[in-house]
Amino acid sequence: MLNRLLLLCGLLWAGLISFAVVASDDSYTYANYQQVTVSHLHLDLAMNFEQKTLSGFADLQLNWLVSDATELYLDTRDLTISRVYGKQQNGNWQQVPFILAARDEVLGSKLTISPEFQPQKIRIHYSSTPQASGLQWLSPEQTASKTTPFMFSQNQAIHARSWIPIQDTPAVRMSYSARIQTTDKVLVVMSAPNDPATARDGDYQFYMPQPIPAYLIAIAAGDLHFKAMSEQTGIYAEPYILDAAAKEFASTQAMIDATEKLYGDYRWGRYDLLILPPSFPFGGMENPVLSFITPTVVAGDGSLVNLIAHELAHSWSGNLVTNATWRDLWLNEGFTSYVENRIMEQVFGTDRAVMEQALSVQALQDELAVLSANDSILHIDLQGRDPDDAFSGVPYTKGQLFLMFLEQQFGRDKFDPFVRRYFADHAFQSIDTASFVQYLDNNLLKKYPDVVSLEQIKTWVYHSGLPTGTPAPLSDAFNQVRQHASNWLAGNIELAAMPTASWTVHEWLYFINNLPLSISQAQLASLDAAFNLTESANSEIAHAWYLLALKTGYQQIMPQLEQYLINIGRRKLIIPLYKQLTLTPAGLAFARKVYQQARPGYHPLAQGSVDELLQQQD
């Protein structure tokens, strides 16, 4: 019954949604999407945990844009292609020739299909390989249960091609369906409507009616169970963390309600969260309908739920309105960071929202001090590098600051309706930076003249660094923390006199991050003895403390740091620690020893990052 309803929804959506493509030049795809686009993808795959493969076929429904075009170029990486068929107008399938080119280190292998006619569909029989960069396969021993294997995908930026032959560019949007067959020991979920009552029978079917880019197609399988948080939201997770996650993220429905009031309807139906193993390399991934979430934000006190606000915000900025190329990443992440903070303000209050702004800006300023000028431009020129290199604090926080600047200049009474209309006007479309600047000029700058000039906009978007007049969020709570820290460091007060019992995680992070590197070993030991920072169960506080300890030579953290690096694969938390360790011979030796044990449990993306970091020291 559910599948029939989903199919009906898909037919309705097909008439209501424009499968729009922005005519942008995406240098990270082989696809000839100006000639032909994929409008629907169907996957029929077998999931084999022992071989670490997905194998079967992909049907690609095609929309030919050029009357005399017959060749189709697709993106692949490390796929084994066995045969290809084209569906003729009379409904018959005909085997057609194909060529799989040599592998490019960044782009993978171009798949050229030459049917000599314009098929309605292409069917590609293929298999992924164990080295697929977009998949991680965990043995039962690498999971919490120790009894059931786990696998999950991570497609952003261009890793979909490692397990699907596809037009792997955010400029192309498609609906998709799937049949996944595997052992009945696992439950399979995808970035499509998932039925909490699905039978665990090893044969799973999905239908995503809304058109999405390839990087938002996602899959996971493991000893997953479901717990509802509201009628619209719930948690999928392994049993060990299910109840804790549902309690931690109980505010999710309030976040949805707040965002709808600000920016219009949530257009995706359900919104569930999947808690992944600790090896997940990101904080979260905004896969539609089912955001993938790191367990490192299940802190026990709701202190890190801004991550949930961020992934939810992508349901408007990123998933609904998508950057057309990875040069335009700031359109996804800058808008999302801005919307995230507005959600946090609505649900948790202005003080918390401002503290989170201030922490983000401080982190950005630290990053800008070491980034090249070119990498501090919102409309970044990646110059042939891997698009994963676009991910820094710049598209997130500089993009957020740009939107905060517009909000401050125009006022929320004018800026909020503009953002809401922007999401509505570009719903289920992909947009590039030039198109956004033109839209901004037409619908805000010219509508309210003499407030912000087009030249100011271009400075923000196309120039390096932070412009004059960048918002500088100030937190009264942080001012008090800074004063307490200064008094203690000067010997004017004891640690017991600081009101730490009432401090939030944000205040602790500000305190640790702003301690001077000249702090003495005795002072560090006093802090550790008073607040047990080395044993902190909060992953963010532990990260900040370990980084400070490494910078100041506080050796007491090393046993706990070793376990931290082995047990967590989130790149935001581990990469800065590895980088700091490599700065001394002893630290480098420690990093290599720990990494040898940690590497098998890391995701391929984390492995690649640490491999490169350590190889630079050879």
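What follows is a set of questions about labels and the values behind them.

Modeller: This is a predicted model, where local features need pLDDT of at least 70, side-chain atom pairs count only at pLDDT 80 or more, and totals for chains, interfaces and linings use all residues. Residues are numbered from 1 along each chain as its sequence is written, and side-chain values use heavy atoms, with hydrogens and water left out.

Biologist: Why is Q210 called buried?

Modeller: Buried means under 20% relative accessible area, exposed over 50%, and partly exposed in between, with a 1.4 Å probe and protein chains only. Q210 has 4%, so Q210 is buried. Its place is in strand β13, residues 203-212. Strands are DSSP runs of E with at least two residues, helices are runs of H or I with at least four, and both are numbered from the N terminus.

Biologist: What lies 3.0 Å from a polar atom of the side chain of Q210?

Modeller: The backbone oxygen of R267 does. A polar contact is a pair of N or O atoms within 3.5 Å; within protein, one must be able to donate a hydrogen and the other to accept it, and residues adjacent in sequence count only if both atoms are side-chain atoms.

Biologist: Which peptide bond is cis, with omega near 5 degrees?

Modeller: The bond from Q156 to A157 is cis. A157 sits in the loop between β10 (150-153) and β11 (174-181).

Biologist: How do you know that β10 pairs with β9 and β14?

Modeller: Two strands pair if DSSP finds at least two bridges between them. Four bridges join β9 (residues 135-138) to β10, and these strands run antiparallel. Two bridges join β10 to β14 (residues 219-222), also in the antiparallel sense. Q136 has F152 as its bridge partner in β10, while M151 stands opposite A221 in β14.

Biologist: Which way do the residues of β10 point?

Modeller: F150 and F152 point one way, M151 and S153 the other, and all are buried. In a regular strand the side chains alternate between the two faces of the sheet.

Biologist: How do you know that α5 has close to its expected reach?

Modeller: The expected span is 1.5 Å times one less than the number of residues. α5 has 20 residues and reaches 28 Å from its first C-alpha to its last, close to the 28 Å expected. This helix is mostly covered, with 17 of its 20 residues buried. Just after α5, G349 takes a positive phi of about 105 degrees.
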